[in-house]
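Here are some notes for your reading of this model. Please keep the structure open while you go through the points.

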Amino acid sequence: MGIAQVHLTVVTPAGEQTFRVPAGTSVRDALDLTELRVRAACGGSGGCGACGVTLIGGAVTPPTTAEYMKLQPAERACGVRLACQMRLQGDALVRIDDPAPPSQWRSIPPEELIPSPGALPELPQHVYGVAVDLGTTHIRLALWNRKTGQRMATRRGPNPQGGFGADVLNRLSAAHGNPARAAELAKLARTAIVQAVRDILKRDVGEVTPMLKEIGEVIIVGNTAMLALLSGHGGAALLDPDHWAGRIDCQPTDRTAFQAQWFMPHATIHLVDSVAGFIGSDLLADLLATRLTDGPAGALLLDVGTNTEIALWDGTRLHVTAVPGGPAFEGVGLRNGMAAETGAIYRVCRPVSADISFETVAGTPARGFCGSGLVDAVAVLLATGQLKPSGRFAVSPGPDGFLLDPANLCTALFSQDIDTFQRAKAATAAAMVALLERAGLGWTDITRLCVCGAFGHRLDVANAQAVGLLPPLNPACIELFADASLAGAEIGLLQPAGAAVFAALGERVAAINLAQVSDYDDRYIDHLRLRPIDINRKV
Amino acid sequence: MLDRIIRDYNEAVFETDKDAAFEVVNNALANGLSAEDVVFKVVIPAVEVMMSDITRDPDANLAQHFMTAQIAAEVTEKMLTKFVHPPEIIGRVVIGTAAGDLHSLGKRIVMGCLKALMVEVVDLGVNVPAEKFVTEAVHYGADVIAISAMMVHTATGENGARKVRALLKEQGLEHQIRIVVGGAPYRFDNELYKTVGADGWAADGIAAGKMIVDLIRAGKTS
C-alpha cells in the first residue's frame, strides 16, 4: 500500500464536505484538487496570508514561522491557520468562512506527473514557459521556469468547445463553412488556455500581467482537430478524406494577434504539427514521455480518449493510427458520466457478499462514473452475470437504470451507456489489431503496452482485459501513464533542441487510415462482444 | 427438429453469439436440413423478428444491431455457397457512403440485412463520388442506390445525394433507379431526405433493409 490516507472535513457556508487525501498533504493542496478552494495569491509559500482557515480539530502540523508572521495573535488564538502551511497528519476538521469563487481549473495530482529530466535551454530572459495538452474533452497545462527547471504549477479543466460537439467530427463540422462560429470556437479554446495560465499566476505566483510578459514560449500539443480549431486553420482540409494521408497545416495565420490576445508579447506560440490526418502531436508527446522507441520492437502505445491514438514500434518504424474511440472513456456521453473528479466512481469492486461496492475520487458521495469506473462496472456486472456478453442486462433495469447503490440515482448505468462502452472498446481493440496486422506482428509479440490518456493510473488492467478493451497479456508488461501528453509537451518545452524532438520522431512514423483498411469493420464488429480479446488468434 | 433449430438459432442471435449461431446451423446441415431451408426457414424469419423487436424497443443497443446483422450476413453468405440452385434474388442495390464521409458502419447493418433478405448488394465502399454511384448502378443494373451519410455536411452537401439525383435526372434514369438515404442527420430531420432528392429513408440499418425491399417490390410491380 502507498501513503496512509486521511480525511479532511471542510465546513463552508454552503455545507460540509469530506475528502480523502494522502497524509502529509497541505490543506490548500488538498482543496486545489477539488472545486472548493481557499483564497490564495502566493503559490503556497505562506507569503500572502490570504488562505486563512479555522482549525476546529484534528491531527495537523504545528504553526510555521510564516503563520506567526502573517496571522494576528488573536486570530491564532481562535484557531486560524494558513491552509498552505498546515499539513494533515490524521483526520481533521476545518472551517472556511470565505472560500474563493469556484473554479473549473484544478491542480493535477502530483503523483500523476512525470518528472521532466535533462539539460535545460540557455535563456537570458523570458524564462517562463507553458506546456499545453489540448484535448478534445480536457485541457491540461503546466507553467515552468525554464531556467531553473522548476514546474511552478499545473492545471486541468474542461475544453469549453464541448458545447459544439463531444467528438471531433461534430465540432469540426460546426465550424465548417461558418467563419463566425469557427472564430468563436477558436476563441473559446484560446481563452480557456490563458485563463488557466492566469489562474496559476494569480494563485500560485501572486502577480499576473507582469508575469505574462515574462513567458517566452507556449508549446501546444493536441489532436489535429483541436489544433485546427485553436488556430482557425486546417479544419476544412481535415474534413476532406482526400487529405488524410498527409500532414495537415494547422498553424495559425494570426500569430501576433494570438500573442496580443493572451497579453504575452514575448511568447513564441508553438503548435506542434500533427502527424497525418487525425493523428495529432499529442501522440508524438506520448511517445517522447514513454520513450517507446528507446526500447525493443513490439512496443504498443494506446492513448485512450475521445480521439484515441495508437502507435506500434516494430524496431524501425512507428505504425500509427487514430480512431474515434468516443468520449465514453472520459466520462462524456454517459447518462451519469463525469471526469475523474471529486465524487466520480473510479473503481468498482467485485462483490464479496451480495452488494457491489465502489470507491469515489476523494471518497465523497458518488456523483457519477469516470472512465475507469465504467470499465470496472461493466467487468463486475459481467462477472456476476448481471450483464451478458451481448451487452444486455440479464434483467431489464427499468427506467432508473441499473443502480450500483440503490439509494443514489447518480450510480445508475443504462443500456445506452453499455452500448457506448461496447462501441468505444471495440473501436480501440480493432484499431490495435489493424496496426499489428500492418506491422506483421501478433499479440504475443507485444513486450510492452503503454496505456496513456483518459484512464490515468486508475484503470484496473484485469477488468479492462476481461471486457476486451486491453489484450490479456502478462500484466507486468502493461504500464499506465497519466498525463503523458503533457509530459511530452514539457520535454519539448525544456529540451535545448526544443520542438525539433517532435520532428525527429515524426520522421519514423508510418500513418494508417483505418477507413482504408478493408476488414476493419469486420474486426470492429467482432470486438463488440464483452469478452477477452483472443490473443492466440492470428491477426 | 426444425422448431428446436429455430429456437437455438434465435437464442444465439439474441445473445449475439456468432460461434453458437454457426454451430446451430452446421449441426442442422449435418442433420440433413438443406442450406435453402436454413436461409428461408431459420435466418430470414430471425431477421424479421429482429426488425419487429427493434421497432418495439427504441432503446435497443446499437452494438447488438451490428452484431446480429453481421451474423445474419455471414450465415447467409455461407449458405448461399451451398444452394443446389442459384438463389432467387429479389433485386440489386449499390451502396456506399457519401463523398467526404467515411462512416461505414450504418452501411454495414443495411448490407447484412439486405443479404439475408436475398437482395444482392454491391458495396462501393466509403467516400463514394456521385458519378461513381450512378455509373456503378447502371453497370450492375441496380434497382436502388443507397447512400449513407453520418454528418450534416455530407448529408446535405452538393456532392452527396443531391448530385446523384441531378445525374439520374440528366441521364433519364429517374424512373429506373431509386435513391435511398440513411444516417444521423436524416433522423434529426425526417423531411430532409426529400430536400436532398431521395425516394426514401430509414431511421436505422435494419428498418432500411425492409424499406429497400419494399421499394424494389413496388418498382417491379409498377
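1. Start with one pair of residues across the two chains. B:Glu15 and A:Lys388 form a salt bridge, and their closest N and O atoms lie 2.6 Å apart. Keep in mind that this is a predicted model, and that each distance in this note is computed from it.

2. Next, take the whole interface to which that pair belongs. Between chain A and chain B there are four salt bridges by the rule applied. Polar contacts are counted as well: 11 residue pairs of chain A and chain B are in polar contact, both residues being at pLDDT 80 or more.

3. Which elements give two or more residues to the side of chain A that touches chain B? They are H4, helix H12 (415-439) and helix H16 (520-526) of chain A. Sorted by class, this side of chain A holds 10 charged, eight polar and eight nonpolar residues.

4. The extent of the interface can be given in two ways. In residues, 26 from chain A and 25 from chain B take part in the contact. In area, chain A and chain B bury about 2300 Å² between them, and 53% of this is on carbon and sulfur atoms.

5. Now turn to chain B by itself. The domain assignment divides chain B into domain 1 (2-80) and domain 2 (91-221). Taken over C-alpha atoms, the centres of these two domains of chain B are 25 Å apart.

6. The two domains of chain B also touch. In this contact, 17 residues of domain 1 of chain B meet 14 residues of domain 2 of chain B. The area buried between domain 1 and domain 2 of chain B is about 1300 Å², with 81% of it on carbon and sulfur atoms.

7. How many salt bridges does the rule find across the interface of domain 1 of chain B and domain 2 of chain B? The rule finds one. B:Lys115 forms a salt bridge with B:Glu77, where the closest N and O atoms are 2.7 Å apart.

8. On the side of domain 1 of chain B that touches domain 2 of chain B, helix H3 (35-56) and helix H4 (62-80) of chain B are the elements that give two or more residues. H4(B) supplies the largest share of that side, nine residues. The residues of this side of domain 1 of chain B are 13 nonpolar, three polar and one charged.

9. A:Asn159 sits in the loop between strand E8 (150-158) and helix H4 (168-175) of chain A. Is A:Asn159 buried or exposed? With a relative accessible area of 5%, A:Asn159 is buried, because buried means under 20%.

10. The side chain of A:Asn159 reaches the backbone oxygen of A:Gly135 at 2.9 Å. Leaving out residues up to four places away in sequence, the residues that A:Asn159 touches include A:Leu134, A:Thr136, A:His138, A:Arg171 and A:Met226.

11. The other residue, A:Asp32, is placed in helix H1 (residues 27-32) of chain A. A:Asp32 has 2% relative accessibility and so counts as buried. Again leaving out residues up to four places away in sequence, A:Asp32 touches A:Arg37, A:Arg106, A:Ser107 and A:Arg203.

Conventions. Residues are numbered from 1 along each chain as its sequence is written. Chains are lettered from A and ligands numbered from 1 in the order in which they are written. This is a predicted model: local features need pLDDT of at least 70, side-chain atom pairs count only at pLDDT 80 or more; totals for chains, interfaces and linings use all residues. Side-chain values use heavy atoms; hydrogens and water are left out. Helices (H or I, at least four residues) and strands (E, at least two) are DSSP runs, numbered from the N terminus. Buried means under 20% relative accessible area, exposed over 50%, partly exposed in between (1.4 Å probe, protein chains only). A polar contact is a pair of N or O atoms within 3.5 Å; within protein, one must be able to donate a hydrogen and the other to accept it, and residues adjacent in sequence count only if both atoms are side-chain atoms. Contact means heavy atoms within 4.5 Å. Domain bounds come from an automatic or database domain assignment. Buried area is the accessible area (1.4 Å probe) that two parts lose on being put together, summed over both. A salt bridge is a side-chain nitrogen of Lys or Arg within 4 Å of a carboxyl oxygen of Asp or Glu. Ala, Val, Leu, Ile, Met, Phe, Trp, Tyr, Cys and Pro count as nonpolar, Asp, Glu, Lys and Arg as charged, and the others, Gly among them, as polar.
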